[in-house]
Structures are given as structure tokens and as C-alpha cells.
Amino acid sequence: MKRRALFCLQVGVTALTALFMIVPVVLSMLAGVTENYFIGLRSGLTLKWVDQVWALYADTFWLSLLIALCCLAITVAIGLPAAWGLLKAPPRWAARIEECLMLPVALPGLATALGIILLYGRFSGLRDSWLFILIGHVLFTLPFMVRPVLAVMQAIQLPRLEEAAASLGAGFWRRFFTVVVPNCRNGILAGAFMVITLSVGEFNITWMLHTPLTKTLPVGLADSYASMRLEVGSAYTLIFIVMILPLLLMLNACNHWLERQATRNALKELA
Amino acid sequence: MNNDAVTVTLRRCARRFHQHTALHPLDLTVHAGETLVLLGPSGCGKTTTLRIISGLESSDEGGEVWFDDRDVTALPIEKRNVGMVFQNYALFPNMNVAQNVEYGLKVQGVGRGEREARVKEMLALVDLSALANRAIDKLSGGQKQRVALARALAARPKVLLFDEPLAALDAKLRERLRIEIGALLKKLAITAVYVTHDQQEAMALGDRIAVMEQGRIAQIDTPQAIYQRPATRFVADFVGAINCVETDAHGEPRQFCRPEDILLADDNRYARHGYIVGSTFLGAAQRLQIDIGLAAPIQVERHAREAWHAGQRVTWTLAPRAALDFTGY
Amino acid sequence: MSLLETRGRAPTALRRRAHHGARWPWMLLPALLFLAAFWLLPFARLLQIGLSPDRTTQQSGYWTVVSQPQYLQSLLNTLLLSLAVTLITLLIAAVVGCFLARQRFAGRGTLLALLTFPLAFPGVVVGFLVVMLAGRQGVLAQLSMSLFHERWTLAYSLSGLFIGYLYFSLPRAIVTLVAASEKLDRSLEEAARSLGASQWRITWDVIVPGLKPALLSSGALCFATSMGAFGTAFTLGTSLSVLPLTIYGEFTNYANFATAAALSVVMGAVAWLGLMLARALTHAGGEQPS
């Protein structure tokens, strides 16, 4: 029967895709703890590659973490007011500005980084510091903080709440910090996980902007793939995956929660 | 009587958006301590008027808003000290009931002890003392509306403003809350402006009603006057049902009356004749459709237990002073 | 009702004393200033440097780019590769998306998570995984060795690049299409079935048009990402030239700023055109972009 065949096709494609996604990851993680990859699992499991990675590349972890947290701080500080601005702006302006914010994401990171170097590279103080990398990360992650926050603001009908606060005498900044920000908590949370995940994994921009003294995790990874043995590269990848997994799980959970909230609110409106 | 009650005066307040006029230049006085209801269909300008009084919107050039003898036209809502109750409650989700109620007091800088006392007082007033620490998403619609009211009152506003507060509730709850709000308003003797499209609400709550149509006030008077002596056909039609009982030579309607103001008999005691073409059972009452020789049958309201049937010949007349012809009485 | 009414009257509203909504330009200022300083100005500088003369040809960067065959080849390679990846990704993601949206089974959530978790991988890791899969010691090589006694090594060729691009494009596309499939109106399909349409017809006449906005938006994003993908190609050290590698080479090895800049501008412009085309096609159908 036609339907049966189609169903089998779908199952097949899904299964193959799943394998395609997972098998390389599993292999790589295994290789990171295998004594000798070329011999295979028969050579035994060991953590010595992981130790070696840590000895060589520990600072890349700390730098990536530092940059990710600073990126988060800046995107919250700039992004929250921006989301509010987009909420209140006339729809045509809001659409155009949102597009502009997405430009560094949509257009190749390499081009962005090249432009930054050609323009600001001559300030050697800036060029040599990790702040240079931070700039690129903020550009890339800002829209991912603005979007969820804006979505939450729209869902809770923020303008009404602000009117109520104003009717009780609260001025603009008081309203912002006692009513606007606390009620965007969930959007900020979802955005935060996205920003951190993206920042930790960013390569295209970072590679152009880095120096031997300011290496992030992905830069270190590229280094190890090029110059170290397979097992070391695999161990490094293993650590990276282990680091990023909890972030992704939290992100997933946040998004599910936000979606359920949105449907619940929609149902309440109808009821 | 509350001696601190404020008189609200609007002079020449108007509002235009592009080509559409939401409000034609309007003069309005809300007397100290009275509850004025703004009644009308959607788009009539009642909400715009309320928002101009509140300060959330401002009138076009030349309009003025006065509280007693103070010109508040230039003041934003934060400075006007009004209490506002919204249709969708607008309770702050990040605060519990008590924190919502005390918000206005916090803004005013009132000390903690006094705040707590006032919150207790307000919650007792709206009968929610037990729920002080409840999260607001755990409240029912009626409870939310009471919290909104308590919050608006806690900050001792000069004027209380209601923007269709009961529209989101179901019928039984609406009726109950209407009675509670009515009692509260009487007790507090505060100046209040109440916007609604529900004529029952208007007549139950208002000391005076301003019926609005397309950006203008069609009539402003007591509920009795509005119902019994409507100034225009629109007003008459909006606050109740009307029948056309007489036409002129060209067939244009000339005289109207209410369905309950027609005296009916199954014998020849009255002057005018007609016959019953149908009836609708309404629970406590029944509406009889009677053909009196005009284009449309008239509706007559009778007690449900009376026995009338279709095809029955009847005679009828108007009750004394029941004729509505909008000529100023 | 509220401030929506003030929205449409920008000039007059701003002339009045400040309403609650009038502050919005100020609140957007920090973000816009940041964007202007670190994206707009650098891009302008790129445009400008592209005009300066190339080191070897002594012509302006832009002229060099369109006249020298190796750059045109690189552009063409990248374009074709991105298009191919986009099409295959959309196809697979649509099938998987429809399937997962409609079937409920134990472990569905886990499967979805597994399919999408590579979303966070940088391109370099993807390149490494391709090597694991199809490199000299990869799974494919070992399989083919045992089955056919020859080593199949795809990783360092165009196919390897293609596999890598597919790997990082699929997660995002799957997420978007699963969401879009869930929102499809089933009653349309039921109506078609009641009128006798076969499953094949239903797919083309009802499901695909219903998914059109999602397909266009994720396709555009996939295309733009593939155009600019650097890390994967960098790790695979492929001999085949793609634009990002060419740009990197010109900049780092030859210090050929003019050409590097010109190529970057071209690369950005092509990605931008892809996005604009997708948007135009979405609106042409009169549908809302997802």
C-alpha cells in the first residue's frame, strides 16, 4: 500500500539522519578515551589524552567562559532596552531595525571580522586583547537575546502593565526596573542560554580576531586538529561536547517552557 | 459625604487620528463624589474620554482637564493621582496580591508599617484578606478584579477610573461584582468615571449616565431620565427596546414607547386594535409580537404566566406618560 | 487599544510632550550605536578598501575579482555548493519534520534532541567529525576496506565538504520544519483525501505549500550560512577553493587586502541577495513569514 511505503520511507530517512548526526559524535568521543585510535578499542580506554588536553589548553576554556559571560552581560545591558524599544516602535521601524540587528548573523562572520580588523586593527592595545573578540561575539549574539525577550514582552501585554504602574505614580525608570525587567525573566533566561552557547561555539569571527595569546576553545580545537594527534583532538572535542551538552539541555527546556506558557496564555485569553 | 471628593471638568477636549475623529470637542463635568457612567457602543469615544481624564492620552490643541481648580492638562498620569481599573486587570505577574496592592504606596514612599496596615485595610474592603500572599496566576477572574480595585484604591486616588472592568467575566459573576462595586462606590463617596457598553451595568451603577455616540455625548442625565425620557432615538434604542406605535402620513415613525408600557386586554376596553402574531418565552416574562397595522409588529412585555396565544384579537393603549417622541418633553 | 493609536502618528506624537511610547528611539540607541560602530563602519571600510588596487594586478579589488578566473571559480564553487546543500537539507528536513511532527512515540523528545544538538558545534568540530566519518581512518574507509578491499576517503574532496555542510545545516532546518509541520492545518489534508487525492498529490498540493514560509526562511538561512562557512573547510584543508578560504588566504598569506575585501563584499552581497529573494518569494505568495 502506498501509505505504508511512504511511512517506511519516512522512518528510513529519519533513522538514517539520526545515525548521520550521532555516529560521528560517538566515534569522536570514544576516540578521545582510546589508548590508540588506529588499533581501536582493543588498545584499551584511558584518560591520558584528556589530561594532556587540559595541560595544554586549559586557558582556552577559561577565556571562552570569560568571554561568554561578558558577552551575556553586555547583550543583556544593550539588548533589554533594545527589545523594549522594538516593542514600542511603529511596526515598520521595528521590522527594519530588527533586520539590521540580524545582519551580523545573516552575513558571513568572516566578512564582519575582516572589516573590524581593517578598521580597528591599528589600535594595538585593542587588537591584542580579548575585548577584540568580545566585540565580534556581541554583534553575533545580540539578536538572540533581543528576540526571546521581545516575544515575552508581547505575550504578557507589557504596555498594559506599564499603564497600570503609571496610574499608580511610577515614573519611567521605576516602571522599567520593577515591572518590565522582572516580568521578562523567562525571555532573558532563554536568551542567556542561547548567547552563552553561541559564544562558546563561535569560530568564524573569532579565528580572524584572535592572537596566540587570546585563544578561545574553538580556536584551540582548530589548533589541535591541525597539529596534534587524532586522540588529542578527539579528547578536546569530547570535553567541548561535555561542556556544551548541559547548556543545550537547559536551552531546550527553556524553549519548551516558553512555548507552553505562550499556549496557556492564548487559551486563557479565549476562555 | 467625602469632603475631599474632587470635581473633574473637561473643556473642549477632542481627539483626532488621521482622518478619523474619535472625539468631537467635548465639555463634561463630573461632580464631586458622583459616579458618572460613560455608556455607548464600541468606537463611540467613551474609552478615549476616560484615557484623557486619566492622562494616558492627551486631548488635541485647546482641550483642558481640571481637577477642582487645578489645571492638570499638562500633567502625565503618574502625577495625577488617579486610580485605574482595567478590563484585563493588568496585575503585575511578578508580584503577589499584597505586593500588587501596595505598589502605589511604595512609589509614594510610604513606610513599611503604614503600607502593611493600608494593604490589610484594602483587602478587607474587597473581602480578600485571606489571599494576601497568593500568587496572582492562582486567582479567579473575580478575585483578580477585586485585587485590581484594592490596588487602585490603596494609593488614595482623587478620581477612580474604570475601563470596562467586568467585560471579561461571565454573566453571573458580572452581576455579583457589579453589586459589590456599586456598594463600594456609595460607601467611599469618591468621584468615579465608569466606562461600559452594558446598559444594565450603567443604570445600576451610575448617578448619572452619559450616552455617547460617534464621538459626541447624545444625552447626559440620571438613569431614570435616560430610560424614560431619552433625547434621541439612538439613546432610546441603546438603553432598552422601543416600539414604533404611530407613523405620519409618509410612513415615517412618529411616536415610540417601551414594551412594558403598553396596556393590553383581550376584550374591547381599549381604543386601539391589533392581533397577536407570535410570542417569545423569556423565563420571567414573555414578549408578544402584535400586529397593529403598521409595517412592523410591536413588542409587548407581559408576565410569563399570562395566557395569550397567536391569532388572538386584542385591544391596547399606551400607559400614561409613556409616549416617546424625543421632542424634549 | 492603548498606545497603538499613538503609534501611527510619529511626527505629531513626538511634537507633543512625551508619551509613554515616545522614548523608544533612545532605548534602541545603545544597540544601534554598537551596530554602527562595529558593523556598519567596518563594512563601509571593506567597501572602500575593495576599491584600492590589488597587489598583483594593480587594478581595483572589485575589477580583479571579476576578471581573474580563480576568484570567479571560487565564487561559482561556493554558490553551487551552497545551493546543493540547501536543496538536500530542505528535502531531508521536510521529511523528518513531517514525520516527527505527526508521530508520537516513546523517546521522540530524545530523538529530536539528538538530531538537533549539533546545532552548537563550530564548523571546525564538524570538519573533524567528517574526518572521523569519511577520512583515511574513518568509518567509511574501514567499511569499504572490509567490503570492497579499497579505502573510500571522501573527507578531503568536494563530497567531504558537502557532508560537512549538510551536517551543520540539518539541525537548524529540522527544528524549524518540525515546528512548522506541527502548525499545519490537518483538515486541509483530510479535505483533499475526501476528494480522492493520493498521498503523493496531497504532499505536493497541500503540505508543501503549507510549509512554504518555513522552507523559504530556513532555506535562506542555510544558503547564507553555507556561503560564509569557514571553519569546516579550514579543517578539511580541502584543495577545492571556496570563497571563505580564498578570502582567508588572500588576507593572511598574501596580505592582499583589496582583493580580500572585495571578495568579502561579494560574498556578503550574494548571501544578502539569497535572503532578499526568499523574502520576496514569501510575500509574493501573500503568506506570513515564519
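Q: In what order do the 5 strands of the open sheet in chain B lie, and what is their pairing?
A: In this predicted model, the order is S13-S17-S14-S15-S16, and the pairing is antiparallel.

Q: What makes S13 and S16 of chain B edge strands?
A: Strand S13 (262-265) and strand S16 (298-303) of chain B each pair on one side only. Two strands count as paired if there are at least two bridges between them.

Q: By how many degrees are neighbouring strands of this sheet turned against each other on average?
A: The average is 45 degrees, with direction ignored.

Q: How do you know that S14 and S15 of chain B are paired?
A: Pairing needs at least two bridges. Strand S14 (residues 272-281) and strand S15 (residues 285-291) of chain B are joined by 6 bridges and run antiparallel, so they meet the criterion for a pair. Within this pairing, B:Gly278 stands opposite B:Gln289 of S15(B).

Q: What makes S11 and S12 of chain B a pair?
A: The same cut-off of at least two bridges applies. Strand S11 (residues 243-247) and strand S12 (residues 253-257) of chain B have 4 bridges in the antiparallel sense, and therefore count as paired. B:Asn243 stands opposite B:Cys257 in S12(B).

Q: Which residue in the hairpin of S11(B) and S12(B) takes a positive phi?
A: That residue is B:Gly251, with phi near 90 degrees; the hairpin has 5 residues between the strands.

Q: Why is B:Thr7 called partly exposed?
A: A buried residue needs 20 or more other C-beta atoms within 10 Å of its own, and an exposed one has 12 or fewer. B:Thr7 has 16 C-beta neighbours inside 10 Å, so it counts as partly exposed. B:Thr7 lies in the segment before strand S1 (8-17) of chain B.

Q: Which residues is B:Thr7 in contact with, leaving aside its neighbours within four places in sequence?
A: They are B:Thr29, B:Val30, B:His31, B:Ala32 and B:Asp68. B:Thr29 is 22 residues away along the chain, and its C-alpha atom is separated from that of B:Thr7 by 7.2 Å. Contact is judged on C-beta atoms, which must lie within 7 Å.

Q: How many residues of chain B count as buried, as a percentage?
A: Of its 329 residues, 39% do. Chain B has 9 helices and 17 strands, and its C-alpha atoms fill a box of roughly 75 × 50 × 40 Å along the principal axes. Of the contacts in chain B with a separation of 6 or more, 63% are between residues 24 or more positions apart.

Q: What makes H3(A) antiparallel, perpendicular or oblique to H6(A)?
A: Helix H3 (residues 91-106) and helix H6 (residues 131-155) of chain A pack at about 130 degrees, with their axes 7 Å apart. Roughly perpendicular ends at 115 degrees and roughly antiparallel begins over 145, so H3(A) is oblique to H6(A). H3(A) passes H6(A) in a left-handed crossing.

Q: Which residues make the contact of H3(A) and H6(A)?
A: H3(A) brings A:Leu101, A:Met102, A:Pro104 and A:Val105, while H6(A) brings A:Leu139, A:Phe140, A:Leu142, A:Pro143 and A:Val146. By class the contact has 9 nonpolar residues, no polar and no charged. Leu, Met, Pro, Val and Phe are among the residue types counted as nonpolar.

Q: How many residues of chain A and chain B take part in their contact?
A: Chain A contributes 15 and chain B 18. On the side of chain A, helix H7 (158-167) and helix H8 (172-183) give two or more residues, and H7(A) gives the most, with 6 residues. That side has 8 nonpolar, 4 polar and 3 charged residues.

Q: How many residues of chain A and chain C are in contact?
A: The counts are 69 from chain A and 70 from chain C. Helix H1 (residues 2-32) of chain A supplies 15 residues, the largest share of the side of chain A that touches chain C. By class, this side has 47 nonpolar, 15 polar and 7 charged residues.

Note on methods:
Residues numbered from 1 in each chain as written. Chains lettered and ligands numbered in written order. Predicted model: local features only at pLDDT ≥ 70, side-chain atom pairs only at ≥ 80, totals over all residues. Axes fitted to C-alpha atoms, helices over the stretch in contact; angles between N-to-C directions. Contact = placed C-beta atoms within 7 Å. Parallel < 35°, antiparallel > 145°, perpendicular 65-115°, else oblique. Left-handed = near helix turned anticlockwise from the far one by under 90°.
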